[in-house]
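Student: I would like to go through this model and test each label against its cut-off. Can we start once it is on screen?

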Amino acid sequence: MEKLIQQNLYHIIQEFSKFGSRWLESEGEENTRQIILDVFENLTMDNVYCEWFQCHNYIPKEYYLRVLSPSRYEIRCEPLEYSKYSEVEGELVFLGEFKEEDVNTISKLETNLEGKICLIVSDTPAFFISELADKGAVGVIVATEAPDNLIRRLAAKSYPPNFDDPTRWKAEIPGVSISKQDLYRLLSLMSSGKVTVKIGHFWESKISRTCNIVGVVEGCVDESIVVGAHYDSQMKTVGVWDNLTGLSTLLELARVFSKVKNRKRMIFIAFAAEEIGLWGSAFFVKKNRRELREECNAMFCLDAISSAYPTERSLWVEGFLKDFIIESVERYGSKIDNIRELNVSYSDYYPFVLENISAAMIWEYPPINPYYHTEKDLLRYISLDKLYFMGELYRKIVEDLDRRNSSIIRR
Ligand SMILES: [Zn+2]
């Protein structure tokens, strides 16, 4: 079988980078979608189609964070997407990373969150916001470890999406995110006593249409392998690591697998709207549940795969794929540094896992890429050599799995 071509990966990323952000209904999203469709249509595939669905779009209008006492000043912030449309004020309480030990410390001190604005450090605040609201908090400020005074773009809501009534998909309290520098400034202010702040968060809610782009290469047995990568990005970021690295790999894999006769059906999917709660992959699984359950051996999730920063190589995996991938990675001259379960909805594998389909994602973590979800997630901060290595690794893994007899595959 033909190998991936490093220059192709580079060229795809370079072209898509020119479009800027690929947020819902942006020009970048539309242009990217059109090119993916053209690429698939120009390959020898048996079926290429767009799978359209409606989802909730978020357009920020006005947002601010003001310290009211003991001094008055404004803090630079970004909106926490899909958090509640409102203005609130209250006393600030710091909950650390909102891990169990942070929550325990707070509850031992009998800190009441009723009417408070919670300050947390998190890259995934969507997992905590409902709990904060349940405890009576009226607002949330999220800080991250992003360097260079950057503020990550984050959503306040996560999986599952709401296809029946998209505009109801939003968080219970308003929020903003701030830089690490401003986190320290707030903490230093809090060390001198009570701090009260005001959060304003106003946005336009809109139903938008978007689509997954699906390319199918038929095999000769009733089994399938899904390879997916999301093509959307966070707001105001080009999202090269997240996820032009995965998308370029998807297109290259589709190219080489469409040139050969595979045993199993190969389904290549560019998922839409992953960043706002896995809408695309959730929709695909909802539409194709029965076929997937009956035929799908495995889902490979390509998401953010080749940062230039040193990180561990972690394998997020479910089912028989665990040993299969560890063996393959070692055979091809690398190793997995740590293994995680797929019990959290971080990426597009999740809707598949909920249907008992084996899935895997080789991710770069820990630590998180410093430029994750910022405007500095650019081509110059990814490693093309690593990207090529990862692409080839996935090609060999998919090829090995295609040859495997299904009796070896345990769900
Ligand atoms: Zn991603």
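Predicted model: local features only at pLDDT ≥ 70, side-chain atom pairs only at ≥ 80, totals over all residues.

Student: Where is Ala 273 found, and what is its phi?
Tutor: Ala 273 is in the loop between strand 10 and helix 7 (279-287). Helices are DSSP runs of H or I with at least four residues, strands are runs of E with at least two, and both are numbered from the N terminus. Phi of Ala 273 is near 50°, a positive value in a residue other than glycine. Most residues other than glycine have a negative phi, and most peptide bonds are trans.

Student: What kind of peptide bond joins Tyr 159 and Pro 160?
Tutor: A cis bond, with omega about 0°. Pro 160 lies in the loop between strand 6 (139-143) and strand 7 (175-178). The bond from Tyr 365 to Pro 366 is cis too, with omega near -10°. Pro 366 sits in the loop between strand 14 and helix 11 (384-403).

Student: Which atoms coordinate the zinc ion?
Tutor: The donors are NE2 of His 230, OD of Asp 242 and two OD entries from Asp 303, at 1.9 to 2.7 Å. Donors are N, O and S atoms within 2.8 Å of the metal (3.2 Å for Na, K and Ca); water is not among the atoms, so sites may look incomplete.

Student: Why is the site of the zinc ion called irregular?
Tutor: Its four donor atoms make angles of 51 to 144°. Four donors count as tetrahedral if all angles lie between 85 and 135 degrees; four count as square planar and six as octahedral if opposite donors are over 155 degrees apart and all others between 65 and 115; anything else is irregular. The angles of 51 to 144° therefore leave the site irregular.

Student: What parts does the pair His 230 and Asp 242 tie together?
Tutor: His 230 lies in strand 9 (residues 224-230) and Asp 242 in helix 6 (residues 240-257), so the pair ties together parts 12 residues apart in sequence. His 230 is buried at 1% relative accessible area. Asp 242 is buried at 6%.

Student: How do you know where the largest pocket lies?
Tutor: Domain 1 (6-46 + 218-408) and domain 2 (61-203) both give residues to its lining, so the largest pocket lies between them. The domain bounds come from an automatic or database domain assignment. On a 1 Å grid over the protein atoms alone, a pocket is an open set of points with protein on both sides within 12 Å along at least five of seven lines, a cavity is a set where a 1.4 Å probe fits but cannot get out, and lining residues have an atom within 4 Å of a point.

Student: What is the volume of the largest pocket, and which residues lie nearest its centre?
Tutor: The volume is about 1100 Å³. A volume is the space filled by probe spheres set on grid points, which are joined across faces, edges and corners. The lining has 42 residues, with Asp 123, Thr 124, Phe 127, Tyr 346 and Tyr 372 nearest the centre. Thr 124 is partly exposed, at 22% relative accessible area.

Student: How many cavities of 30 Å³ or more does the structure hold?
Tutor: Two. The largest cavity has a volume of about 40 Å³. The second largest cavity holds about 30 Å³, and Ala 273 is among its lining residues.

Terms used. Residues numbered from 1 in each chain as written. Heavy atoms only, no water. Buried < 20%, exposed > 50% of the residue type's maximum accessible area, 1.4 Å probe, protein only.
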